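The entries follow the order in which I looked things up.

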Amino acid sequence: MAEKSHTQKRREREAAEAKNEAKEANAMDNGEVSSDAATSTNGAVANGQNGEVQVEAMELPPFEIIVGDKMDPFAFKFQFKNVEYSSGRNKTFLCYLVDRGNAAEGLLRGYLEDEHAGNHAEEAFFTQCLPQYDPALKYTITWYVSSSPCAGCATKIADMLKARKNIKLSIFAARLFEWEEEDIQAGLKSLHAAGCKLRVMKPLDFSYTWDTFVENEDEPLNLWEDCKENYEYYQERLADILQ
């Protein structure tokens with residue numbers, strides 16, 4: 001059997017890591033507990049077939065847009081990890097900086113997250129974080145996002161940029177969302193044509209986002225293995241799409 005290439009080994013390792021991380025993230029999102037902890041919760045767990053542990057179904061509130069100043073460090077490390085296989089990463093996290101050209105008002109800064117139910121974070125930004133649009137001001141907006149926009153959001157953002165010439169938007173994405181799909185590529189091209197600056201996040205961008213938008217308790221970010229290699233992989237894909 002031929003020896004596996006470096007790329008194949010990397011993809012297999014990332015797929016295994018993503019599978020384990022997705023299990024942890026889904027358990028947290030769904031309010032699940034370990035079998036030991038659940039056994040002590042007055043019948044919250046019942047034994048199923050073959051001795052398997054089953055967790056009783058829980059009523060979950062509807063998903064919604066969450067807006068804040070700084071995000072949870074575990075959420076950042078999981079959602080912004082620039083792996084090629086993004087299994088379990090079913091949210092969009094959007095960190096933003098807004099310069100309205102008025103030194104007295106200073107920068108707007110914060111983050112949003114969504115569950116891909118209702119408005120996506122990109123669309124919600126303009127209604128929840130920038131509701132008082134003033135055509136007399138010049139806006140310089142920077143986004144650091146866990147993944148690049150879907151086709152629908154890309155089209156809406158491009159149309160908005162064409163209509164509002166006083167907005168300059170830069171989008172730095174940790175990963176490219178379904179970049180092989182034709183409609184996704186068309187959306188990214190429409191953003192680029194509308195004047196949006198598109199780039200994949202570099203290792204230094206991850207450190208900056210960690211320092212600026214994460215409740216890190218003054219702990220430095222230890223970048224994961226292959227962070228730089230994955231950045232180069234995605235940046236090459238983006239360059240091919242936009243050429």
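**Rings, cores and a helix**

I took Tyr111 to begin with: it is buried, with a relative accessible area of 8%. I noted that the model is a predicted one.

I then searched the whole structure for aromatic pairs and got 16. In one of them, Phe93 and Tyr111 are stacked, with 6.3 Å from centre to centre and 5 degrees between the planes. I placed Phe93 in strand E4 (residues 92-99) and Tyr111 in strand E5 (residues 108-114), so this pair ties together parts that are 18 residues apart in sequence. Phe93 is buried too, at a relative accessible area of 1%.

Next I checked Phe125 and Phe126. Their ring centres are 5.0 Å apart and the planes stand at 85 degrees; the pair is edge-to-face because planes over 60 degrees apart count as such. Phe125 has 0% relative accessibility and counts as buried. Phe126, at 16%, is also buried, because the limit is under 20%.

Which residues have the most contacts inside the largest nonpolar core? I found Phe125, Ile141 and Trp143, in a core of 39 residues. I listed the elements that give two or more residues to this core; among them are E4, helix H4 (121-129), strand E6 (139-145) and helix H8 (227-242).

I looked up the contacts of Trp143, leaving aside its neighbours within four places in sequence. The list includes Leu94, Cys95, Tyr96, Glu122, Phe125, Phe126, Ile157 and Leu169.

I also noted a second, separate core of 19 residues, which includes Ala75, Tyr111, Val214 and Cys227.

I turned to H8 last. This helix has 16 residues and reaches 22 Å from its first C-alpha to its last, close to the 22 Å expected at 1.5 Å a residue. Where do its buried residues lie when seen down the axis of H8? They fall within an arc of 165 degrees, so they line one face of the helix. I recorded Cys227, Tyr233, Arg237 and Leu242 among the buried residues of H8.

Arg237 got an entry of its own. Its charged end sits over the ring of Tyr233, 4.8 Å from the ring's centre. Arg237 also lies over the face of Trp179, at 5.9 Å from the ring centre.

Methods
Residues numbered from 1 in each chain as written. Predicted model: local features only at pLDDT ≥ 70, side-chain atom pairs only at ≥ 80, totals over all residues. Heavy atoms only, no water. Phe/Tyr/Trp six-rings, centres within 6.5 Å; stacked < 30°, edge-to-face > 60°. Helix = DSSP H or I, 4+ residues; strand = E, 2+ residues; numbered from the N terminus. Buried < 20%, exposed > 50% of the residue type's maximum accessible area, 1.4 Å probe, protein only. Lys NZ or Arg CZ within 6 Å of the ring centre and 35° of its normal. Core = buried A, V, L, I, M, F, W, Y, C linked by side-chain atoms within 4.5 Å. Contact = heavy atoms within 4.5 Å. Expected span 1.5 Å × (residues − 1). Arc of directions from axis to C-beta.
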